[in-house]
Amino acid sequence: MQKRLGILTSGGDCPGLNAVIRAVVNHATLTYDWQVVGIPYATRGLLERKAIPLSIHGLDLRGIDPLLNMGGTILGSINKGDTLAHVDEIVAGYHALELDALIGIGGDGSLAILNQLQSKGNWQFVAIPKTIDNDVCKTERVVGFDTAVNTIVDALNRLTFTAASHDRVMIVEVMGRKAGHLALQSGIAGGADVILIPEIPYTIKGVCEHLAELRDRWGRRFAIVVVAEGAQIAADSSSHPSCEKPSCGMGQYIADEIRRCSNDQIDIRVSVLGHIQRGGIPSALDRLIATAFGKAAVDLLADGQSAQMVAWQNGQVVAVPLEAVLACSPCLVDPNNFLVQTARSLSTYIGNLTPAIVKTQFNVTL
Ligand SMILES: Nc1ncnc2c1ncn2[C@@H]1O[C@H](COP(=O)(O)OP(=O)(O)O)[C@@H](O)[C@H]1O
Ligand SMILES: O=P(O)(O)OC[C@H]1O[C@](O)(COP(=O)(O)O)[C@@H](O)[C@@H]1O
Ligand SMILES: [Mg+2]
């Protein structure tokens with residue numbers, strides 16, 4: 001019997017979502033002869049009982065398929081709303097739309113919501129991880145992260161030479177309220193001198209001493225500081241911004257503090273990259289991950305499986321129970337991991353690793 005498969009995108013958008021949709025529609029249609037419908041605006045589409053038929057030729061009637069390299073999501077997405085107050089209606093929406101199965105593409109927050117709905121509704125459901133925060137656990141790769149890292153590195157490339165030309169310190173604020181993967185990986189790849197992430201508290205003294213050392217010992221009169229929007233200061237400080245929402249002013253705060261500790265002797269500029277990090281054409285790697293994940297999700301449904309997430313592990317795409325993923329998400333940067341050590345090996349300042357942090361957050365001994 002022909003299956004009717006729904007697909008939705010949930011949470012913050014990221015590059016590569018349309019490439020997933022393309023892969024799912026193609027594989028489900030061509031290999032299994034299923035009908036695929038898109039559910040607009042995530043769970044809101046289920047609530048409002050909306051489904052859009054999706055064809056393998058994408059949007060263009062001349063047969064051009066723009067989905068592989070188009071940013072955003074043609075289905076729309078939401079990352080706010082009282083979804084869990086409408087569980088029964090959303091669950092009923094799946095059945096009213098006569099879906100036989102659903103693929104949900106989302107980050108840790110979306111997957112937690114979708115998991116509750118699927119277990120209540122007895123849906124056949126498979127998840128595909130996407131997030132520029134890279135904080136979904138049990139998978140080495142997610143859709144969207146690689147493009148966001150490349151976007152930041154591109155910005156760092158540009159900022160380095162203008163910083164050097166004017167002997168300036170450039171502060172670059174990137175996304176990441178709780179997870180610092182984006183700041184850490186782009187900071188290393190972009191040659192940052194200072195990387196501040198939520199998982200490893202920093203001190204202003206540490207930042208200022210490092211900038212002074214660069215100048216006095218190595219003759220470097222410019223520097224690049226990458227700061228995650230949710231970076232944490234080590235000592236309690238009433239003036240330190242907390243990041244409950246995007247654009248919390250972390251870059252500006254650090255700029256003001258460096259000015260203070262240098263007696264205004266350092267020329268500083270701040271760039272807040274903001275939603276530029278979420279947009280753009282997906283990288284080749286993100287298209288590859290998106291396509292492999294889309295195919296694998298369809299195969300899992302064809303195999304009768306449910307409540308699973310497709311994951312990239314040891315170079316293979318595998319299925320992991322959604323419950324197991326949610327039990328350990330969000331996945332934060334382990335302050336002792338090899339990338340942190342790599343940054344330290346270049347004498348990048350990356351905060352102060354204390355035994356207490358390692359013990360309380362990650363339960364490992366120094
Ligand atoms: N269907 C939804 N309804 C309401 N809020 C949602 C929904 N999906 C996700 N969210 C919220 O949006 C935020 C981001 O979602 P998430 O899936 O983690 O995406 P990402 O981290 O990639 O931006 C989370 O706080 C989550 O709870
Ligand atoms: O698009 P919005 O609503 O401004 O959200 C921006 C936030 O989305 C994210 O990409 C995902 O964050 P969460 O999963 O923690 O909600 C953050 O890095 C960023 O702070
Ligand atoms: Mg998230």
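Predicted model: local features only at pLDDT ≥ 70, side-chain atom pairs only at ≥ 80, totals over all residues.

Me: Which residues does Ile 103 touch?

Reply: Residues up to four places away in sequence are not counted here. Ile 103 then touches Leu 5, Gly 6, Ile 7 and Leu 8, as well as Val 24. Its other contacts are Phe 125, Val 126 and Ile 128, together with Ala 297, Val 298 and Leu 301.

Me: Now to the ligands. Which residues come nearest to ligand 1?

Reply: One reads a site by listing its surrounding residues and then looking for polar contacts, that is, pairs of N or O atoms within 3.5 Å. Ligand 1 has 16 residues around it, of which Ser 10, Thr 43, Thr 83, Ser 110 and Lys 130 come nearest. Helix 4, residues 108-121, gives the most to this shell, with four residues. By class, the shell divides into two nonpolar, eleven polar and three charged residues.

Me: What are the distances from ligand 1 to Thr 43, Gly 107 and Lys 130?

Reply: An N or O atom in the Thr 43 side chain is 2.8 Å from a nitrogen atom of ligand 1. Gly 107 takes part through its backbone, where an N or O atom lies 2.9 Å from an oxygen atom of the ligand. For Lys 130, a polar side-chain atom is 2.5 Å from an oxygen atom of ligand 1. On its own, ligand 1 exposes 550 Å², and the protein buries 80% of that.

Me: How many residues surround ligand 2, and which are the closest?

Reply: Twelve residues surround ligand 2, the closest being Asn 79, Asp 133, Arg 177, Glu 229 and Arg 278. A polar side-chain atom of Glu 229 lies 2.6 Å from an oxygen atom of the ligand. In the side chain of His 275, an N or O atom is 2.9 Å from a ligand oxygen, and a polar backbone atom of Gly 176 is 3.5 Å from an oxygen atom of ligand 2. The protein covers 75% of the 490 Å² of accessible area that ligand 2 has on its own.

Me: Let us close with single residues. Is Val 225 buried or exposed?

Reply: A residue is called buried when its relative accessible area is under 20%. Val 225 is therefore buried, as its value is 0%. Val 225 lies in strand 8, residues 223-228, and touches Val 169, Met 170, Ile 171, Val 172 and Val 194, apart from residues up to four places away in sequence.

Me: Where is Ser 283 placed?

Reply: Ser 283 is in the loop between strand 9 (267-272) and helix 9 (284-302). With a relative accessible area of 14%, Ser 283 is also buried. Leaving out residues up to four places away in sequence, Ser 283 touches Asp 146, Thr 147 and Asn 150.

Definitions and conventions:
Residues numbered from 1 in each chain as written. Chains lettered and ligands numbered in written order. Heavy atoms only, no water. Contact = heavy atoms within 4.5 Å. Near = heavy atom within 4 Å. Polar contact = N/O pair within 3.5 Å; in protein donor to acceptor, adjacent residues only side chain to side chain. Areas by Shrake-Rupley, 256 points an atom, 1.4 Å probe, with all protein chains shown as cover. Helix = DSSP H or I, 4+ residues; strand = E, 2+ residues; numbered from the N terminus. Nonpolar A, V, L, I, M, F, W, Y, C, P; charged D, E, K, R; others polar. Buried < 20%, exposed > 50% of the residue type's maximum accessible area, 1.4 Å probe, protein only.
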